[in-house]
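Subject: Structure handover

Hello,

Here is the structure for your work. Please look through it first; my notes follow below.

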Amino acid sequence: MKAVTLIKNGDAAKAFEVREIAKPTPASDEVLIKVSAFGLNFADVMARNGMYKEAPPLPCVLGYDVAGMVEATGSSVTNVQPGQRVTALTRFGGYAEYAITKSTAVTAIPASVDDATATALTTQYITAYYAAAEAVNLFKGDKVLVHSGAGGVGTALIQYAKHKGCEIFSTAGSDEKLKQLALLGVQHCINYRTEDFENKIKTLTNGKGVDVIYDAVGGVSVKKGFRSLAAGGRLICYGASDMSDKNIFGKIGSALGFGFYHPVMLMMPSKAIIGVNMLKIADDKPQVIQRCLEAVIKLYEEGVFKPNIGKVFPVSEIAAAHEYLEKRKSMGKIVIKW
Ligand SMILES: NC(=O)c1ccc[n+]([C@@H]2O[C@H](COP(=O)([O-])OP(=O)(O)OC[C@H]3O[C@@H](n4cnc5c(N)ncnc54)[C@H](OP(=O)(O)O)[C@@H]3O)[C@@H](O)[C@H]2O)c1
């Protein structure tokens with residue numbers, strides 16, 4: 001089978017090669033999927049740049065989410081059958097004609113869901129759902145700040161917070177993205193390139209701060225976010241895109257920028273910092289992934305989750321797709337079709 005193989009870290013144009021590799025065989029609890037489309041995630045950009053420690057050694061096949069048809073199942077799999085259309089999370093290996101994954105990471109999709117939407121509903125929506133419905137509770141009227149709101153996970157977080165009746169604040173890096181935030185129903189759209197989000201939050205909340213912050217930027221954004229939390233506030237850290245385009249000194253600066261927190265500093269103002277890593281959850285608690293996947297599909301069917309498909313690229317343009325995501329041009333989900 002063909003697989004888009006990462007052969008070299010760095011420049012997207014030189015990083016990938018389509019290679020012939022062996023088609024995998026499912027173990028008893030696994031499902032083999034004939035892939036029609038796979039999704040890009042920002043973690044793929046980090047992995048391509050050699051900054052994702054969980055990524056397999058080179059040469060390797062990246063890819064966290066696929067849509068397609070079940071080709072074969074292991075002996076103990078009961079939730080899906082060969083011939084069924086599915087969407088699935090893959091622990092790498094998604095950039096291929098066939099992908100293999102645990103049955104807990106696969107769910108059947110209605111015929112009405114197109115491939116691009118199906119890939120969007122996995123990694124990014126599951127991360128958002130876990131971060132918004134499992135890691136914390138959101139209540140009506142909560143003030144919620146979503147950074148990188150026009151992106152894949154950001155869009156999903158905003159849709160969920162809106163569904164819960166929250167007052168939403170969101171940052172993005174261009175006026176075009178701010179327009180998209182407004183379309184999503186964000187009440188307070190902040191262009192972080194022209195306005196300091198910490199000052200803006202202070203003004204908009206009369207100095208009180210917000211209840212929940214979603215931050216995948218990392219670095220000093222976390223420190224500023226911590227200061228922007230109201231009493232009882234929770235800061236969910238789930239990424240460090242700030243580090244992606246920095247040299248070693250920049251990375252050290254970014255790492256220090258997060259700040260250092262003693263439990264007393266959390267207890268006295270009654271604030272919490274919560275880390276989310278879905279790969280860790282998938283490894284240790286596959287049942288949580290299955291529960292989130294089912295909940296995401298239900299919320300999609302109810303019209304709460306509406307993925308925004310930013311762009312669909314043919315597989316031959318994988319490098320261009322990576323650059324598009326890396327250079328912050330994308331809004332919503334980037335999908336690759338075989
Ligand atoms: N912890 C987990 O389990 C988990 C799971 C999925 C995703 N994530 C993280 O969630 C974040 C969003 O992922 P996604 O796939 O939905 O990507 P995305 O948000 O669609 O795209 C990345 C966006 O991040 C913003 N950004 C901020 N600083 C950046 C930088 N230095 N370089 C490039 N982009 C930067 C840009 O938006 P602006 O132009 O608005 O700044 C960019 O468009 C990523 O950090 C990813 O690693 C974590």
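Helices (H or I, at least four residues) and strands (E, at least two) are DSSP runs, numbered from the N terminus. With those labels, Ser244 sits in the loop between β12 (229-237) and α9 (248-257).

Two remarks on the source. This is a predicted model, in which local features need pLDDT of at least 70 and side-chain atom pairs count only at pLDDT 80 or more, whereas totals for chains, interfaces and linings use all residues. Residues are numbered from 1 along each chain as its sequence is written, and side-chain values use heavy atoms, with hydrogens and water left out.

Domains

The chain is divided into domain 1 (2-124 + 282-337) and domain 2 (136-275), with bounds from an automatic or database domain assignment. Domain 1 contributes 14 residues to the contact and domain 2 contributes 20 residues, where contact means heavy atoms within 4.5 Å. The centres of domain 1 and domain 2, taken over C-alpha atoms, are 27 Å apart.

Ligand

Where does the ligand lie relative to domain 1 and domain 2? The ligand lies between them, because both domains give residues to the shell around it. That shell has 25 residues, and the closest are Lys177, Tyr192, Val276, Met278 and Arg328; a residue is counted as near if one of its heavy atoms lies within 4 Å of the molecule or strand in question. Helices α4 (123-134), α5 (152-163) and α13 (318-326) each supply at least two of the shell residues.

By class, the shell holds 9 nonpolar, 11 polar and 5 charged residues. Here Ala, Val, Leu, Ile, Met, Phe, Trp, Tyr, Cys and Pro count as nonpolar, Asp, Glu, Lys and Arg as charged, and the others, Gly among them, as polar.

Polar contacts are pairs of N or O atoms within 3.5 Å; within protein, one must be able to donate a hydrogen and the other to accept it, and residues adjacent in sequence count only if both atoms are side-chain atoms. An N or O atom in the side chain of Lys177 is 2.7 Å from an oxygen atom of the ligand. From the backbone, an N or O atom of Met278 lies 2.7 Å from a ligand oxygen atom, and one of Ala216 lies 3.3 Å from a ligand oxygen atom. The protein buries 93% of the 900 Å² that the ligand exposes when taken alone; accessible areas come from the Shrake-Rupley method with a 1.4 Å probe, and for residues only the protein chains shown count as cover.

Buried residues

Buried means under 20% relative accessible area, exposed over 50%, and partly exposed in between (1.4 Å probe, protein chains only). Lys333, in strand β15 (residues 333-337), is buried at a relative accessible area of 1%. The side chain of Lys333 reaches the backbone oxygen of Leu40 at 3.0 Å. Not counting residues up to four places away in sequence, Lys333 touches residues including Asp65, Gln124 and Asn308.

Ser244 is also buried, with a relative accessible area of 14%. Leaving out residues up to four places away in sequence, Ser244 touches Phe42, Met46, Asn49 and Met51.

Backbone geometry

Leu58 and Pro59 are joined by a cis peptide bond with omega about -10 degrees; Pro59 is in the loop between α2 (42-48) and β4 (65-73). Asn206, not a glycine, has a positive phi of about 50 degrees and counts as exposed at 70% relative accessibility. Ser270, a residue other than glycine, has a positive phi near 55 degrees and is partly exposed at 42%.

Regards
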